[in-house]
Amino acid sequence: MKTLLFKPFEKYSEQKLLIVGIIGTLIGAFLTYIFNCKFTRALKIIPIDDASIGLSVINSIVIVCCLTLFLFIAAKYTYKRTRFIDILVTAMVAYMPLYILTLLNINNNLKILTEDAIKHASLELANQVPLNIHIPLLLVRLLNFAILAWFIALLYNGFKTAANAKGTKAIVVFALAILLADIVSKIIIHQLN
Amino acid sequence: MKKLPVNCPSCESPLVASQLSCSECETVISGSYSLPVLLQLSKDDQDFIFEFILTSGSLKKMAAKMEKSYPTVRNKLDDILEKINQLKN
């Protein structure tokens, strides 16, 4: 189970991972659309009013492409024999847990919660935020953190397997690649939307 | 099958063969012969190389046989190559 959840790249062939990755990305884009969410960059999801299926798919593709591109450059720098397909499936499969976050916005719950929190903050009543906003907001943040940690763990394990990465240098180039993918995906998504 | 010890259990230095004998005529040869590099690898690494030869050097076939992904098997081979280079130097 641990292998399946955190290290699938060590066990499963690239063909199987590619199929899972493509199906997962399409389902994820669909969930983003039906639950009115939008990935504004690789590491950020927000609730919106009118999601479109086309833009949801395009945003998912942009994010996967950015992650693949920068991770591939980092992997090639670390290990010359890295294959593109291994990095592509890593980006697609590792990103799948982030689509779970879209479920938080069922019935626009997350949007309503966020708006309430903003309203209290703007009224300078932050210290008087009622518990029915405070506790769900805390739970959302905790779930966000857990899912983000899962995504990073999956992505790093995939990168490590694809690039035979070891040591501090690999961790540094990996972190830089994610940072760049996040920034570039934000710019491209902003231009496209 | 008994596992061939390659390092001294006391000081961990590489062991050498100091006596060879013929099981037929009981001739005994004494001396100091270093172990071949492949024999100095761990049992796990030796088994991996054996499988590698049996699959005609196909990492894809090995990955399928070992139920591991291709890069995992390739990384293992790279690690063994690194160990062999260290042992040779």
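**Cores and the A–B interface in a predicted model**

Trainee: How many salt bridges are there between chain A and chain B?

Mentor: In this predicted model, a pair counts when a side-chain nitrogen of Lys or Arg lies within 4 Å of a carboxyl oxygen of Asp or Glu. Lys166(A) and Asp79(B) form such a bridge, their closest N and O atoms being 2.8 Å apart. For chain A with chain B, the count comes to two salt bridges.

Trainee: Which element gives the most to the side of chain A that touches chain B?

Mentor: The contact draws 16 residues from chain A and eleven from chain B, and the two chains bury about 1,000 Å² between them, with 35% of it on carbon and sulfur atoms. Across this interface, eleven residue pairs are in polar contact. On the chain A side, helix H2 (8-11) and H7 each supply at least two residues. The element that gives the most, with four residues, is H7(A).

Trainee: Which element gives the most to the largest nonpolar core?

Mentor: That core has 43 residues, and those with the most contacts inside it are Leu67(A), Tyr95(A), Leu155(A) and Phe159(A). Strand S1 (37-41) and helices H4 (53-78), H5 (84-95), H7 (131-163) and H8 (167-192) of chain A each supply at least two of its residues. With ten residues, the element that gives the most is H4(A).

Conventions
Residues are numbered from 1 along each chain as its sequence is written. Chains are lettered from A and ligands numbered from 1 in the order in which they are written. This is a predicted model: local features need pLDDT of at least 70, side-chain atom pairs count only at pLDDT 80 or more; totals for chains, interfaces and linings use all residues. Side-chain values use heavy atoms; hydrogens and water are left out. A nonpolar core is a set of buried Ala, Val, Leu, Ile, Met, Phe, Trp, Tyr and Cys residues joined through side-chain atoms within 4.5 Å. Buried means under 20% relative accessible area, exposed over 50%, partly exposed in between (1.4 Å probe, protein chains only). Contact means heavy atoms within 4.5 Å. Buried area is the accessible area (1.4 Å probe) that two parts lose on being put together, summed over both. A polar contact is a pair of N or O atoms within 3.5 Å; within protein, one must be able to donate a hydrogen and the other to accept it, and residues adjacent in sequence count only if both atoms are side-chain atoms.
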